[in-house]
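Colleague: Walk me through some of your labels, please. I'd like to hear what each one rests on.

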Amino acid sequence: MFVAGKKRKLGSLGASKATATTVTPATSINTSESGGSSDASVVDRWYALGTENFRSKQYRNALDYFNRSVAAAKNEGIRDAKVYEARALTLYKLKEYSRAMDDAKDAIRINPHSAIAYSHMANVMAATGKPQEALEIVDRGLLTIDPQVSGYRHMQAMRESLMKKLDPSYVPQECTDSDPVVRLPVDICVVAFSLLDTRSLFACRSVCRRWLALVDSNPVLWARPCFSISNPVSDLAQQLPAYQKLRRTLRLLAGSDRVPDRVLCYVLTSSREALRSLVIPEAAELSSRTLDALFAHKRPLLENINIGRGAKLSASVFGRVLNHCLAANVSTIHVPYNALVTDSHIAAIARSVPQLRSLDISGCAGVRMRPLFRAWNATLTDAHRVTCLERLYLCDHPGIPEFLVYSCKHRHFSNLRVLHLAIRDQSVYAGISSIAPLMRYFERIEAVDVPFPKLYELNIDGIWDATTSSNRFESQHTSGLILQTRLINVGLRRLSALDAAAVGSIPLLASLQRCISTLQQLHLTRASGLSSEIMQVLAQDTTHMSNSSPLSLTSLDLSGCVGASAHSLWMVVRRCPNLVHVNLSQTAADNSVLSCLTEFVDLADNDGLQVVILDTTDITGAAARDFAAACDRRFRRLRRDGFGALESGWRLRLFDMDNCTGIGSDAVSVVRDLLSAMGTRVSASVSG
């Protein structure tokens, strides 16, 4: 009978093992080996089976195996806290809280430094509606447990969660040893965060609870949202718009930059009544919830209105948004390439915003020039009849010829400092039948001497382009208006005229001679009229300055100007010791030009070259090595004098010597090694 009973007991045990095998097929226990195994091995095997069932969320089966493991440990006198911790968690999942609390206490008696057991006890107390007792358990555990234990950080997070549950106004306290934000006053932190763009603010919100509370509790941080991506490539692309390699790289880096509607809604809601700048990104689509958040703001605080290109707004919604945001203290309105903008909106802007400083209506074909002048004329009350507008953007606008002609008769916009009239898409002129009547009107009027005497920045990219895609647009008259209206005049500091192949040598020389003494930026690309004689005259220029005085140019782009010789380029470059950006690609530049730039790098009293583009030129490897060595010497000298970080000191950011037949692979390797310390972007391709 005794043997039969023993067989029945083994049979039940084998059935249990068979059940475990069906639950977790990968796990099996060899019955023949269990008799010869150690007692600790039996405890571990039951514990492993229970763990596998717990992970499969079969808590009843897991509890049965953990019971067997605990019983085996008691019978053999094994003190192991992990089996009690596992059974306590299983009982907690089954909502048997009293038994779970007993097992957690047993685990603590076995191992007083068990963070898991303290966590289980706190979870049980919180589940039974006793958060204060749970907090006391966590505090007792934090005092007992070694901070190096793996569960210590989890208990810290649990304590913050319990404190937040007990007091909703509680601000989580992070570790003051590693977080500088905790040590700084709140006002200084707000100033630091206000320097970040909107994308960076969202990233800061996910750092820790302290940063989240700080960012969300200060609406001023969301007052001027900025969704544009700023990186070194985009900064260089703005400085050198004619450098297409950066444009291609920027398109690859940009990817999909569409701002979700929920982000806009959150920004408008978080800014509350502190909103100063309304920014609707490109291709944004506003939901009714976002519009409600926008209309909840008061108008008087708004200063800037920026509706991006391609924003998906209906005509009624656009008019409602614009009318709601117009206020007396708005200084900037940018609505480029928006087909919804009409003459009535311009009239409302002129009437409601008398102190407007910047207006961007590029590509807005629905705005006509004659109603534009009439709208501002109706609001002018001073004796000079001049608006406060200082920056006007009319790129890709079919009314550019009319604007130039009317500006010669009426002085409404004579206060302009910045004027952009770039033509990047000449198909916009297809709607103009002819500008011959406009030219006859221009010949009859008594034009003023200079329509914009305070102008210091002029962008006429594409105006002098020789190719046109519209047969009805008389490009020669428009390009002639630039010269006849004397837009390029004394005092101009920044001039951009990309693709200037249609301008002649004589008018180009007359225009540049008037402003060469004050120019700081000159971008004149593909200008076939820029000959060696003109370059030599500009370099000598005895009319406005002496030969010894340097030019003020800091950014020079003459790429594609094949009519200028290497000697004439050298004569101009040597007069510009303060150059920062130089683009002489596809020109006759040779070693003399690069040697002159090398001398500028060795100077200690200038800002130093940051971008040098000399692709498809006649420079050689020896001159490139000398230039790189000079840059390395300057960088090491500045670092030795205290400028250790790249952001605080000077460095060469870009050096392009592509397609230069005089540069071999060995010279390229030397240049890369010399410029590697400062992280220079070196572009060089050699044949073979």
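Modeller: Let's start with Leu524. Neighbours within four places in sequence aside, Leu524 is in contact with Trp464, Ala497, Ala500, Leu508, Leu512, Leu530, Asp557, Leu558, Ser559 and Cys561, where contact means heavy atoms within 4.5 Å. The model is predicted, so local features need pLDDT of at least 70 and side-chain atom pairs pLDDT 80 or more, while totals for chains, interfaces and linings use all residues. Residues are numbered from 1 along each chain as its sequence is written, and side-chain values use heavy atoms, with hydrogens and water left out.

Colleague: And what about Thr525: buried or exposed, and how do you know?

Modeller: Thr525 comes out at a relative accessible area of 0%. Buried means under 20%, exposed over 50% and partly exposed in between, using a 1.4 Å probe and protein chains only, so Thr525 is buried. Thr525 sits in the loop between strand 9 (521-524) and helix 25 (532-540); helices are DSSP runs of H or I with at least four residues, strands are E runs of at least two, both numbered from the N terminus. Beyond four places in sequence, Thr525 is in contact with Ala242, Ala497, Leu498, Asp499, Ala500, Asp557, Ser559 and Cys561.

Colleague: Which residues touch the most other members of the largest nonpolar core?

Modeller: Phe403, Trp464 and Leu524 do, in a core of 149 residues. Helix 28 (residues 621-640) gives this core its largest share, eight residues. There's also a second, separate core of 33 residues, with Ile108, Ala117, Ile145 and Met163 among them.

Colleague: What makes either set a core?

Modeller: The members are buried Ala, Val, Leu, Ile, Met, Phe, Trp, Tyr and Cys residues, joined through side-chain atoms within 4.5 Å.

Colleague: How is helix 6 oriented relative to helix 7, and what makes you say that?

Modeller: The axes of helix 6 (residues 97-110) and helix 7 (residues 115-127) come within 9 Å and cross at roughly 155°. Under 35 degrees counts as roughly parallel, over 145 as roughly antiparallel, 65 to 115 as roughly perpendicular and the rest as oblique, so helix 6 is roughly antiparallel to helix 7. The angles run from 0 to 180 degrees between N-to-C directions.

Colleague: Which residues of helix 6 and helix 7 meet?

Modeller: Tyr97, Ala100, Met101, Ala104, Lys105, Ala107 and Ile108 from helix 6 meet Ala117, Tyr118, His120, Met121, Val124, Met125 and Ala127 from helix 7. They split into twelve nonpolar, one polar and one charged.

Colleague: Then what is the orientation of helix 26 and helix 27 to each other?

Modeller: Helix 26 (residues 566-573) packs on helix 27 (residues 591-602) at about 15°, axes 9 Å apart. That angle is therefore in the roughly parallel class. Ala566, Leu569, Trp570 and Val573 of helix 26 make the contact with Ser592, Val593, Cys596, Leu597 and Phe600 of helix 27. Eight of these residues are nonpolar, one is polar and none is charged.

Colleague: Why do Lys57 and Arg486 get the accessibility labels they have?

Modeller: Lys57 has a relative accessible area of 64%, so Lys57 is exposed. Arg486 is at 28%, so Arg486 counts as partly exposed. Lys57 lies in the loop between helix 3 (39-55) and helix 4 (59-76), and has a positive phi of about 65° although not a glycine. Arg486, in the loop between helix 23 (475-484) and strand 8 (494-497), isn't a glycine either, yet has a positive phi of about 55°.

Colleague: How much of the protein chain counts as buried?

Modeller: Of its 688 residues, 48%.

Notes. Nonpolar A, V, L, I, M, F, W, Y, C, P; charged D, E, K, R; others polar.
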